[in-house]
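I opened my notebook to look up a few features of this protein and to write down each one with the rule behind it. The entries follow the order in which I looked.

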Amino acid sequence: MVEQEVDVTLTFEEVTGYLGNSATLECDYTISSGQDLPVTVTWKQGDGPRYAEEIFTCTGYTKEDKSCVNAQVTKIEYLNRIQIANSSPSLVFTKIEAEDNHNYWCQVAIEGSNMGEEQVDMKSVVLRVRGGHESPKMHSVTIEANSVGVEGADIQLDCDCTGSHCDDVAWFKGPTNDQHTEYDMVYTRTSGSRPMPTQYVPYGDWKGRASLSGNSLVITGLKASDAGRYWCEMRNAAMYGIGEVATDAKSTVVEIISENDGNVFTCEGKADGLYSDPYQCNMYYECVMYVKYHRPCPTGTVFAPGHPLYACEHPANVPAPCGTLKNN
């Protein structure tokens, strides 16, 4: 696991509020090292990590003190109506207005110099205002929090979208700046309409190496520089600019290990057949005459060792550690 990796957690992805009343958007976080390091908590409002606008910032927050060294409302529409909670970095609306039906993002970043994209994470919750301009959360993205790849090999980052309007997908990496507002695009799929077909676009260094399997990202020929935080963002093609509730994004932190690592799989001395990938449940190895082939499973499935018919199966039909099947 990456040292001092931040993971933001939400209690609910949709909260119902009523005009004139209060509501709390619950948010918390963990740091992989277990240290209680000071963080900056930034609440944003908007339709994705790349476009969300800052509305509240809290610096110097620690779990021990449960308070901000400095706190500031940064968007005038929310002045005197939002504040940080007493026991967590959750956002409290003291008086809900009709226009508050938005997608809100809880971003947590470890403070200090030389902090990378692994040290900042964010997730979103929709405030659904009853009696106002009510809109529900349209869909939710699911992605593994961590992934491990081998330098020179391939990796598949699974991304699932449940709900409605899961039309377009954007994969990006970052954030890449100190303000945590900029990202490197990796791959996008944009729904077309007659006469324009659906557009599939790789970017930068990922051209020729990145592709999609459903909504999942496949990267071939991994490089050490590919390590970092990758985001899968799903949105409704017809709701750009107005569809905050139809956008969701979550991230996975990718660690790249050297092909010289002693735990890297090899076909040397192995019989022809299929073998588990020790780092990725959604991929497997095939050995043919001591030659190694790295194969991906279809999205939503994992490698099923010893299955008589299929290389991959639904996790419910595969025992631990990759599946949830319990042995009787």
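Which residues form a nonpolar patch on the surface, and with about how much accessible area together? I found that the patch is made of Val288, Met289, Val291 and Tyr293, which together have about 360 Å² of accessible area. I noted the rule for patches: the residues have over 30% relative accessible area and no salt bridge, like charges are joined within 9 Å, and nonpolar side chains (Val, Leu, Ile, Met, Phe, Trp, Tyr) are joined within 5 Å. A salt bridge here is a side-chain nitrogen of Lys or Arg within 4 Å of a carboxyl oxygen of Asp or Glu, and accessible areas come from the Shrake-Rupley method with a 1.4 Å probe, where for residues only the protein chains shown count as cover.

Before going on, I wrote down that this is a predicted model, in which local features need pLDDT of at least 70 and side-chain atom pairs count only at pLDDT 80 or more, while totals for chains, interfaces and linings use all residues. Residues are numbered from 1 along each chain as its sequence is written, and side-chain values use heavy atoms, with hydrogens and water left out.

Met289 counts as exposed at 64% relative accessibility, where exposed means over 50%, buried under 20% and partly exposed in between (1.4 Å probe, protein chains only).

Next I turned to the disulfides, each a pair of cysteine sulfur atoms within 2.5 Å, and by this rule the count comes to seven.

I looked at Cys161 and Cys166, which are joined with an S to S distance of 2.0 Å. The torsion about their S-S bond is about -70°, so this disulfide is left-handed. Cys161 is buried at 13%, whereas Cys166 is partly exposed at 22%.

I then looked up Cys297 and Cys312, whose sulfur atoms are 2.0 Å apart in a disulfide. Cys297 lies in the loop between β25 (291-296) and β26 (302-303) and Cys312 in strand β27, so the pair ties together parts that are 15 residues apart in sequence. Cys297 is buried, with a relative accessible area of 2%, and Cys312 also counts as buried, at 14%.

My last entry is the disulfide of Cys281 and Cys322, a left-handed link with -75° about the S-S bond.

Note on methods. Helix = DSSP H or I, 4+ residues; strand = E, 2+ residues; numbered from the N terminus.
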